[in-house]
Amino acid sequence: MTAAMALARTIRDAQRTDSSILRCIGGTPLLQLNGIQPEGCARILIKVESVNPTGSMKDRMALAMIEAGERTGRLKPGQRVVEYTGGSTGVSLALICAARGYPLSIVTSDAFSAEKRNHMAALGAELTIIPSNGGGMDAALTRSMVEAARQIAAKTGAFWTDQLNNSDQLTAYHGMADEIWEQTCGRIDAFVQSTGTAACVRGVAEILRRKKPDVRIVAVEPSESAVLSGGKTGSHKIEGIGAGFVVPLWNAAIADEIVTVTTEAAMAMARQLARTDALFAGTSTGANLVAAIGIGKRLGPDATVVTVMCDSGLKYLSTKLYDRAQT
């Protein structure tokens, strides 16, 4: 091959385009935190999932559930899809259904940000809004949304992705674990992640444990509803986590430790992250960092702790998290 031919091929490859927005899901950066990391703490690395197309790690799991439905024949061309969601899964499903040509029904609540609801609607989802008790997330609200989704599926014949029970999403987080392993060159001592469906912490743990059996897995849940820790169910405002009951995909054997974080502490940490490390994230990311820094202090400066930036703070501009009176 001549130099001219090699140059032409390089230019051609650089100009190659993708055929779908869905090809932009995954392959996210792993960033070392500096400003927010206290002295004597382990190195804290954060998986920046906000660069996914909808600004959330849930793009991974939504795509995995839809593709599994297609592959097994449970989801037919043009069939309606339905799901209950705190918002991020719904936005991700709305993106994928728009790209693949499926009508989508979403059951959500006023407990979750207006940005998420508007984003789902903009992508073509039909919304059913379940009223909350004072804007909080609790077990009763979760169960009400699940039941509404079940009724829509029964009435319309929709394919219900059923995220609380759907293990197809685990493969999405196996992929995240492979990325983390490669990006850290296998140097990881602990993985810290908040629990909603529990699929992320479980899926990542399954792969990391195969590669490094002594890696420490830390699950995070709201202090106000610490059911995985054996506490009482309650109301909290960390969107996307803490269903209020022990979720079906949870496996207690996956976690070496469960850390509880208050809504207030999670919000304060998310605000601090924006100012010290220029990462604009949601409340669950704040909870992750509260826990990760605590683990990092215990493990010391020679260790590496990995956690997740679950989504973008752009999803929460109308909420208490980024209300200027609070910041």
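This note goes through the predicted model point by point, from the whole chain to single residues.

1. Basis of the values. The model is predicted, so local features need pLDDT of at least 70 and side-chain atom pairs count only at pLDDT 80 or more, while totals for chains, interfaces and linings use all residues. Residues are numbered from 1 along each chain as its sequence is written, and side-chain values use heavy atoms, with hydrogens and water left out.

2. Secondary structure. The chain contains nine helices and 10 strands. These elements are DSSP runs numbered from the N terminus: helices are H or I with at least four residues, and strands are E with at least two.

3. Overall size. The radius of gyration is 20 Å, which agrees with the value near 20 Å for a compact globule of 327 residues. That radius is taken over C-alpha atoms, and the globule rule is 2.2 Å times the number of residues to the power 0.38. Along the principal axes, the C-alpha atoms fill a box of roughly 60 × 55 × 40 Å.

4. Burial and surface. Of the 327 residues, 56% count as buried. Buried means under 20% relative accessible area, exposed means over 50%, and partly exposed is in between, with a 1.4 Å probe and protein chains only. The accessible surface of the chain is about 13700 Å², and carbon and sulfur atoms account for 51% of that area. Accessible areas come from the Shrake-Rupley method with a 1.4 Å probe; for residues, only the protein chains shown count as cover.

5. Contacts along the sequence. A contact means heavy atoms within 4.5 Å. Of the contacts between residues at least 6 apart in sequence, 73% join residues at least 24 apart.

6. Charges. There are 34 positive and 31 negative side chains, and the centres of the two sets lie 2 Å apart. Lys and Arg count as positive, Asp and Glu as negative; His and the chain ends are not counted. Each charge is placed at NZ of Lys, CZ of Arg, CG of Asp or CD of Glu.

7. The aromatic pair. The structure holds one aromatic pair. Phe280 and Tyr322 form this pair, which is tilted, at 4.6 Å centre to centre with 50° between the planes. The pair ties together parts that are 42 residues apart in sequence, because Phe280 lies in the loop between α8 (263-277) and α9 (283-299) and Tyr322 in the segment after β10 (304-309). Rings of Phe, Tyr and Trp (its six-membered ring) pair if their centres lie within 6.5 Å; planes under 30 degrees apart count as stacked, over 60 as edge-to-face and the rest as tilted. Phe280 is partly exposed at 28% relative accessibility, whereas Tyr322 is buried at 13%.

8. Positive phi values. Most residues other than glycine have a negative phi. Asp162 has a positive phi near 50° and is found in the loop between β6 (159-160) and α6 (170-184). Ala278 has a positive phi near 60°. Ala278 lies in the loop between α8 and α9 and is exposed at 66% relative accessibility.

9. Ala274 lies in helix α8 and is partly exposed at 27% relative accessibility. Leaving aside neighbours within four places in sequence, Ala274 is in contact with Leu279 and Phe280. Val290 lies in helix α9 and is also partly exposed, at 27%. Val290 touches Val261, Ala265 and Met269, with residues up to four places away in sequence not counted.

10. Thr85. This residue sits in the loop between β3 (81-84) and α3 (88-100). Thr85 is buried, at 1% relative accessibility. Beyond four places in sequence, its contacts include Gly90, Ile106, Val107, Thr108 and Phe112. Met120, Met145 and Gln163 are also among the contacts of Thr85. Thr85 and Ser109 are 24 residues apart in sequence, with 8.2 Å between their C-alpha atoms.

11. Pro248. The loop between β8 (216-222) and β9 (257-261) holds Pro248, which is partly exposed at 48% relative accessibility. Not counting residues up to four places away in sequence, Pro248 touches Leu164 and Asn165. From Pro248 to Thr108 the C-alpha distance is 20 Å, and the two are 140 residues apart in sequence.
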